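The sequence and structure come first.

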Amino acid sequence: MFDLDRWQEIFSSIRSNVLRTVLSGFTVALGLFIFIVLFGIGTGLQNAFTQGFARDAQNLISIVTGKTTIAYKGLQSDRVVTMNNSDYDFLVNVEKKNVGSSTPRYTANLLVKYGKESGNYQINGAEPEEKIIENRKMLEGRYLTPTDLDRKQNVAVIGRMVQRDLIKNGSPVGKELNINGTMFRVVGVFSDDGGDWDERHITVPITTLQQMKKGSDTVSINYIAYNDKLNPQQAIKYGDELKERLKARKNVSPDDESGVRVWNNAQNMNDTFTFMAVLTAIVGFIGMGTLLAGIIGISNIMVYIVKERTKEIGVRKAIGAKPKSIVALIVQESVVITVVSGFVGVGLGILALNLIGDNLEEYFIKSPSVGWGTIIMAFVALVFSGLIAGFVPAYRASRIKPIEALRTE
């Protein structure tokens, strides 16, 4: 392998046949380039879909009620169905082991004042686990605590945009907001991946907000993040069970789709996983097809190269060269071309993905990339194929008798 004379012969052969070498290398480089770009774009699509679920907890089930559309058990249609605290407790205890995090939420749009600034904001009465449900990050202070709920404290956690709108100077923590005539002390500021709209929300203890609403125990929406150990099919079944149980509890027809509505991220995730599996299979098929085309290309070119050098092989055998050295020379040249071209293809593929970056985000392709394990596997496959592509025709040519090789035109 480290025979200096052999290396000199290889480089001499490459210099003497530049076009042949370029064509051989181009096939390998193009195969790896297309393979990397395709797999990178496939990863970018996966990233975009994953980010789509990142705004709230990915394992979220949302439960709301509305007007019935079907008369049931002597009750008329067009009946307004409402939920209260006991309904939340009921839902959480349907299958307690399936619950990861949960919170009821009571919402109201109220006027909020601070000094000379004011505005209408969505006020969310909730429990501490809303922070997990909404995927919120604390910028300052703290979120709600169980003590805040038990004591019905007048405390508020505000979104980043609320701070920007109302409390423009200094830290808002400790400042007091006038919410619909009641003073609330700000205990924290949060950011939310949902964007400006979600960051214009204010969260207070649900017990406090319900007390402000004449002692109401109404709940607008129930959030349950199911245990992440459940697979999508199990989570979908769990969501359906919650829906059926609540319908039965509220005397809503099983066929009524408006009285009780459930949004289950597991259904979306299941559809997404199916789509991504199909997409990955398609990308993998095309990528492997591209690699296969590269392998066939290098094989055909090596067959042509060996055939072109048949007379040269005959001369070498006539002056005493052993078949083993002839095979080693051709195989080594094939591997050198494949390795160098492979590095070029990998470099160009990675460069292309870096240049793409997030420029195709509007087409649902975010941060396209390929793992080094995949790249190395594809690279090794091509190098090994180049070795075989050189070995097979070289071995056959080395078995030709010198006189027959010299007669070859």
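## Packing of α3 and α8

In this predicted model, helix α3 (residues 85-92) packs with helix α8 (residues 232-249) at an angle of about 140°, and the two axes are 10 Å apart. The crossing of α3 past α8 is right-handed.

On the α3 side, the contact is made by Ser86, Asp87, Phe90 and Leu91. On the α8 side, Tyr238, Leu242, Arg245, Leu246 and Arg249 take part. Sorted by class, the contact of α3 with α8 comprises five nonpolar residues, one polar residue and three charged residues.

## Helix α11 and the glycine after it

Helix α11 runs over residues 323-356, which is 34 residues. At 1.5 Å a residue the helix should span 50 Å, and its end C-alpha atoms are 49 Å apart, so the two values agree.

Glycine 357 follows α11. The phi of glycine 357 is positive, near 50°.

## Isoleucine 167

Isoleucine 167 sits in the loop between α6 (160-166) and β7 (176-179). Is this residue buried or exposed? Its relative accessibility is 2%, and buried means under 20%, so isoleucine 167 counts as buried.

Apart from neighbours within four places in sequence, isoleucine 167 is in contact with Tyr114, Ile158, Val162, Pro172, Lys175, Leu177 and Val186. Asparagine 17 lies 150 residues from isoleucine 167 along the chain, and the C-alpha atoms of the two are separated by 74 Å.

## Loop residues with positive phi

Aspartate 78 is in the loop between β1 (60-65) and β2 (83-84). Its phi is near 65°, a positive value in a residue other than glycine. With 53% relative accessibility, where exposed means over 50%, aspartate 78 counts as exposed.

Asparagine 180 is found in the loop between β7 and β8 (182-191). This residue, also other than glycine, has a positive phi near 55°. How does asparagine 180 count by relative accessibility, and what is the value? The value is 48%, so asparagine 180 counts as partly exposed.

Definitions and conventions
Residues are numbered from 1 along each chain as its sequence is written. This is a predicted model: local features need pLDDT of at least 70, side-chain atom pairs count only at pLDDT 80 or more; totals for chains, interfaces and linings use all residues. Side-chain values use heavy atoms; hydrogens and water are left out. Axes are lines fitted to C-alpha atoms, for helices over the stretch in contact, and angles run from 0 to 180 degrees between N-to-C directions. Helices (H or I, at least four residues) and strands (E, at least two) are DSSP runs, numbered from the N terminus. A crossing is left-handed if the near helix is turned anticlockwise from the far one by less than a right angle, and right-handed if clockwise. Contact means heavy atoms within 4.5 Å. Ala, Val, Leu, Ile, Met, Phe, Trp, Tyr, Cys and Pro count as nonpolar, Asp, Glu, Lys and Arg as charged, and the others, Gly among them, as polar. The expected span of a helix is 1.5 Å times one less than its number of residues. Buried means under 20% relative accessible area, exposed over 50%, partly exposed in between (1.4 Å probe, protein chains only).
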